[in-house]
Amino acid sequence: MSPEPAGGSSSFEDPAAPDDPTAPGGPSELDGLRELDGPGELDGLRELVGRRAPGLLPHLHLDLVPRLRTPEDAPEDVPEDAPDGARAEHVTVEASGGELRLTATTASAAAVGLARALEDLCGADLSVDGPSVVEVPSPLPEAPPQRYETSLGLRYHLNPVAFGYTMAFWDWERWERHIDWMALHGVTTPLNLVGHDAVLVRMLADLGMDRDAAARFVGGPAFLPWTTMGITHDLGAALTEEALTARARLGRRIADRERELGMTVVLPGFGGQLPAQLAGTERTIDWQGWQNSLADPGSVLFAQAAASLHHHQRELLGTDHHYAVDPYIESVPPTTSPQELADHAEAIFEGMRAADPDAVWILQGWPFHYKAAYWTADRVRSLLSRVPEDRLILLDLWGEHAPMWHSTDAMYGRRWLWCLAHTFGGRFGLFGDLTSLAEDLAGFREAAADGTRGRLEGFGITTEALDDNAVVYELATRALWDPMPATPAWFAEHMARRWGVAPDRPTAQAAQAAWELLQQTLYGRGRTRATPSPLIARPWSAELPFASQRLAGEPLPAADGPPSSNLDAENDAEMLGALAPLAGAVRGLVPLLARAEGPDALAHDVAQLALHVGAQSARAPLRAMVAAAAAGDAQRVRREFAALENLVLAADAVAATRPELLVGRWIADARAVAGAGAGAGAGAGAGAGAGTRVDHRVDADERVADALERDARSLISVWGEQDSGLHDYSARHWSGSLTDLHLARWRAWANWLASAADGEAAPSDPEPLRAEIRRIEEDWRDSTSPYPTAPRGDLAAAALALLDLAEPQLPRIVPATT
């Protein structure tokens with residue numbers, strides 16, 4: 001029998017130790033939570049203004065007013081049949097005499113009002129990648145009272161896997177900026193996984209597991225999301241106690257800041273997954289080759305594990321009573337029995353409720369789409385049947401592309417949120433159906449107000465990564481609030497702020513032409529799927545790899561692969577036809593980069609648009625190489641590869657000019673998680689001579705840093721193991737990996753095709769090629785050779801050089817029409 005959970009039995013330090021200069025303070029009587037029912041409710045927002053728009057702080061006036069939730073709550077001057085707007089969450093923004101007044105029903109609504117003022121009065125770009133500080137004009141322009149309101153009161157943010165694909169190695173500075181972004185965009189309910197690795201290690205120690213074995217089972221931050229959801233284990237770096245303590249401190253700091261801004265923090269719960277040495281192998285689920293053991297829902301072990309997890313989590317991170325648990329996120333349950341499904345869900349919820357009587361379960365609806373053949377309506381209803389109606393919130397996760405609510409009786413009659421999944425894996429792709437998204441959200445605002453779509457309570461951004469397409473998330477969070485401008489007008493205003501282009505400036509014409517083109521093409525109607533990048537596809541046979549690509553969101557098809565999984569599908573004619581106009585738009589934007597006052601966001605967008613055109617143009621030499629090999633023309637295979645190589649090198653040069661497109665920065669951030677003792681690469685601690693004291697902690701940090709670097713490289717290449725099906729699922733257009741990984745694979749493919757054309761290799765036997773591809777991948781992810789962490793080169797010159805190579809290729813992939 002496993003031991004009872006023992007509070008404080010772990011050897012971790014207190015994550016909020018007073019002597020830690022970065023800690024926000026020790027636990028209070030409320031586990032570090034701030035009471036938000038008095039005048040201090042808006043203190044966090046005032047502090048945000050001090051960080052983001054300090055010039056506004058002396059002129060800011062914040063007031064809270066009651067929110068009328070039901071007719072019975074209304075004062076006498078509001079009739080019982082008052083419109084729903086009288087009871088909606090709302091904020092009124094008014095600027096007069098150089099002063100700004102925000103009158104709101106909640107701290108979140110007040111923050112949204114602040115965002116409207118910063119955009120409309122200060123011309124601020126508040127995008128996730130926008131400037132960190134807003135310049136405030138003096139005096140403030142006059143603005144009559146304007147009310148904004150929404151009936152979508154629960155606004156969720158973050159997919160668990162974003163804590164891998166984007167946020168795995170973020171430090172406090174990055175988190176602070178993103179939390180400010182969340183507040184200004186109305187997020188009320190963010191997920192937080194940072195520090196959960198420390199919770200899991202403590203839980204496993206309570207259950208009798210050796211501390212080092214527990215750390216190996218949990219692994220490092222790159223793969224924590226999947227271990228948290230119970231579908232991987234023993235994957236990635238095993239963190240030291242010092243590193244885990246730092247992670248717990250960071251997680252607590254994140255949660256405390258979110259609470260200060262009036263948010264309800266969602267933390268993980270316990271779904272039943274445990275090491276096989278504890279739970280046995282009688283009940284297992286499979287995901288991408290990982291066998292994951294489940295504790296019997298009726299066992300003492302299940303209850304003890306849940307109690308331990310919640311005890312340590314509350315101690316380390318506090319609680320806001322909302323818990324995310326996804327027991328079968330992309331796996332088939334080990335039973336077809338409705339009774340056993342209900343037993344499991346009941347055990348999960350009772351584990352929460354035993355630790356927290358106010359517990360609410362957040363459950364992604366993704367399995368019901370992803371494994372739809374298994375999840376019949378009867379099985380879903382059985383799974384949910386013993387969880388109280390008001391204690392479960394379902395996420396319609398991919399609402400903009402594959403909504404479930406309309407075919408499931410509004411998510412089985414439960415409380416639910418319509419969500420925007422948008423991006424998968426963080427791999428490169430510029431896309432988004434802005435007009436339909438705005439229309440959908442207008443409909444959901446109305447439906448939530450009048451109750452016509454079941455128990456719809458809000459909206460969530462559940463994208464798998466946050467690296468690109470900032471405009472999509474800006475529109476989504478703006479369209480939650482009424483009034484919302486028509487999409488073309490909003491888009492023009494947003495891009496003018498983002499690119500720093502006023503309508504009356506001489507530069508406005510090129511910018512306006514560019515953003516009108518973007519709205520019609522990459523961000524036009526129907527663009528809910530990524531335009532795939534050929535540069536990061538995985539060559540695997542004598543055929544182009546595109547046809548065998550996994551569609552994002554669907555199971556991997558049976559194949560003799562695994563193939564690459566980075567592409568959604570072959571491009572369509574409309575997107576191919578847009579490449580030449582997009583190239584022209586980039587050329588029109590390049591002169592704007594020379595402005596001294598030009599915003600960094602413009603440079604980011606120019607780089608991404610140039611990379612998009614350059615990557616798509618690579619289809620021409622790739623197709624020609626296949627055709628040449630089939631025709632036995634080895635010389636042409638080599639000529640076409642030279643064109644491909646030049647395109648990849650030019651794309652790498654563009655990426656090298658941008659800090660967010662450097663694989664070296666990603667790797668450096670990963671190594672930093674190991675602690676201060678870790679150097680920039682392997683061997684940083686070498687060279688100690690005779691009589692020199694060896695710091696074994698530094699050596700340990702260095703080993704962990706090397707392991708974390710391997711995780712960082714793995715996540716964007718092989719992902720897991722060679723026999724899993726996630727190769728290139730998170731591949732990026734990053735300087736360093738483009739050349740040393742992706743170009744190296746294409747070179748191996750070109751050499752093999754040329755050999756086949758010369759009769760020296762058999763195209764019907766691709767195994768020699770595949771062995772070489774695997775070797776390249778394994779060598780790259782095992783390497784610790786350093787990459788630059790600072791941008792280099794001139795973006796304008798690099799972008800034009802890439803276009804000079806790309807544009808001549810476009811006629812070969814866009815047949816002329818007659």
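The structure is a predicted model, in which local features need pLDDT of at least 70, side-chain atom pairs count only at pLDDT 80 or more, and totals for chains, interfaces and linings use all residues. Residues are numbered from 1 along each chain as its sequence is written, and side-chain values use heavy atoms, with hydrogens and water left out.

Helix α20 spans residues 579-589 and helix α28 spans residues 795-806; helices (H or I, at least four residues) and strands (E, at least two) are DSSP runs, numbered from the N terminus. Their axes lie 10 Å apart and form an angle of about 155 degrees, where axes are lines fitted to C-alpha atoms, for helices over the stretch in contact, and angles run from 0 to 180 degrees between N-to-C directions. The two helices are therefore roughly antiparallel to each other (under 35 degrees counts as roughly parallel, over 145 as roughly antiparallel, 65 to 115 as roughly perpendicular and the rest as oblique). Ala-583, Val-586 and Arg-587 of α20 meet Leu-800, Leu-803 and Asp-804 of α28, contact being heavy atoms within 4.5 Å. By class, this contact has 4 nonpolar, no polar and 2 charged residues (Ala, Val, Leu, Ile, Met, Phe, Trp, Tyr, Cys and Pro count as nonpolar, Asp, Glu, Lys and Arg as charged, and the others, Gly among them, as polar).

Rings of Phe, Tyr and Trp (its six-membered ring) pair if their centres lie within 6.5 Å, with planes under 30 degrees apart counted as stacked, over 60 as edge-to-face and the rest as tilted. The count by this rule is 28 aromatic pairs. Phe-270 is buried at 4% relative accessible area, and Phe-302 counts as buried at 2% (buried means under 20% relative accessible area, exposed over 50%, partly exposed in between, with a 1.4 Å probe and protein chains only). The ring centres of Tyr-374 and Trp-375 are 5.0 Å apart and their planes are at 85 degrees, so this pair is edge-to-face. Both Tyr-374 and Trp-375 are buried.

One aromatic cluster is formed by Tyr-165, Phe-223, Trp-226, Trp-287, Trp-290, Trp-719 and Tyr-729. Phi of Trp-719 is positive, near 75 degrees, and that of Asp-728 is near 65 degrees. Trp-719 lies in the loop between α25 (696-715) and α26 (737-757), and Asp-728 is in the loop between α25 and α26 as well. Trp-719 counts as buried at 0% relative accessibility, as does Asp-728 at 0%.

Cis peptide bonds complete the backbone picture. The bond from Ser-138 to Pro-139 is cis, with omega near 0 degrees, and Pro-139 is found in the loop between α2 (107-122) and β4 (143-150). Asp-482 and Pro-483 are also joined by a cis bond, with omega about 5 degrees; Pro-483 sits in the loop between α16 (470-479) and α17 (487-499).
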